[in-house]
Amino acid sequence: ERVFFIDASLPQNPHSPLVLTRLQILPTPSAAFTGHHSHPLDLLALAQQLYGHAPLAYTLLLPTWAMGYGEALSPIAERGMGQALRWLQERLLAAA
């Protein structure tokens, strides 16, 4: 089992706009577990508590220049989303 948490982030690596990080589970959810604004580690810890295991988990950060609300993606976010979709399709198809 694997899970990918995908989110927007300010660019961190100009050579590769996608940033993939493996998550290490916390023993218990943080006190700030509130749903939408919670960290993926809190969700993994909750899965561990409820089901006795948590999946292998990663965050995949996509670049953006603007973090405000809106209906359209910035050009850099559009490129990052296209790259992320291709990357995920390759990994998921290879694992099938």
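A residue counts as buried under 20% relative accessible area, as exposed over 50%, and as partly exposed in between. Arg 91 has a relative accessible area of 33%, so Arg 91 is partly exposed. The model is predicted. The protein chain holds 2 helices and 3 strands. From the N terminus on, these elements run β-β-α-β-α.

**Chain overview**

- The protein chain has 96 residues, and 29% of them count as buried.
- Its accessible surface comes to about 7000 Å². Carbon and sulfur atoms account for 60% of that surface.
- Take the contacts between residues at least 6 apart in sequence: 63% of them join residues at least 24 apart.

**Helix H1**

- Helix H1 covers residues 40-51, which makes 12 residues.
- The buried residues of H1 are Pro 40, Leu 41, Asp 42, Leu 44, Ala 45 and Ala 47.
- These buried residues pack against two strands, E1 (2-9) and E3 (56-63).

**Aromatic cluster**

- The count of aromatic pairs comes to 2.
- Phe 4 and Tyr 58 form a stacked pair, because their ring centres are 5.4 Å apart and their planes lie at 15 degrees. Planes under 30 degrees apart count as stacked.
- Phe 4 sits in strand E1 and Tyr 58 in strand E3, so this pair ties together parts that are 54 residues apart in sequence.
- Are these two residues buried or exposed? Phe 4 counts as buried, at 17% relative accessibility. Tyr 58 also counts as buried, at 17%.
- Phe 4 and Trp 87 form an edge-to-face pair, because their ring centres are 5.8 Å apart and their planes lie at 85 degrees. Planes over 60 degrees apart count as edge-to-face.
- Trp 87 lies in helix H2 and Phe 4 in strand E1, so this pair ties together parts that are 83 residues apart in sequence.
- The ring pairs link Phe 4, Tyr 58 and Trp 87 into a cluster.

**Loop residue Leu 10**

- Leu 10 is in the loop between E1 and strand E2 (19-22).
- Leu 10 has 48% relative accessibility, so Leu 10 counts as partly exposed.
- Which residues does Leu 10 contact, leaving aside its neighbours within four places in sequence? They are Thr 64, Trp 65 and Met 67.
- Leu 10 and Ala 66 are 56 residues apart along the chain, and their C-alpha atoms are separated by 7.9 Å.

**Nonpolar surface patch**

- Leu 73, Met 81 and Leu 85 make a nonpolar surface patch of about 260 Å².
- Leu 73 belongs to the loop between E3 and helix H2 (75-95).
- The relative accessible area of Leu 73 is 44%, so Leu 73 is partly exposed.

**Salt bridge**

- Side chains of opposite charge can pair when their charged atoms come close.
- How many salt bridges are there? The count comes to 1.
- Glu 90 forms this salt bridge with Arg 91, and the closest N and O atoms are 3.2 Å apart. The cut-off for a salt bridge is within 4 Å.

How values were computed. Residues numbered from 1 in each chain as written. Predicted model: local features only at pLDDT ≥ 70, side-chain atom pairs only at ≥ 80, totals over all residues. Heavy atoms only, no water. Helix = DSSP H or I, 4+ residues; strand = E, 2+ residues; numbered from the N terminus. Expected span 1.5 Å × (residues − 1). Buried < 20%, exposed > 50% of the residue type's maximum accessible area, 1.4 Å probe, protein only. Contact = heavy atoms within 4.5 Å. Patch = residues over 30% accessible without salt bridge, like charges linked within 9 Å, V, L, I, M, F, W, Y side chains within 5 Å. Areas by Shrake-Rupley, 256 points an atom, 1.4 Å probe, with all protein chains shown as cover. Salt bridge = Lys/Arg side-chain N within 4 Å of Asp/Glu carboxyl O. Phe/Tyr/Trp six-rings, centres within 6.5 Å; stacked < 30°, edge-to-face > 60°.
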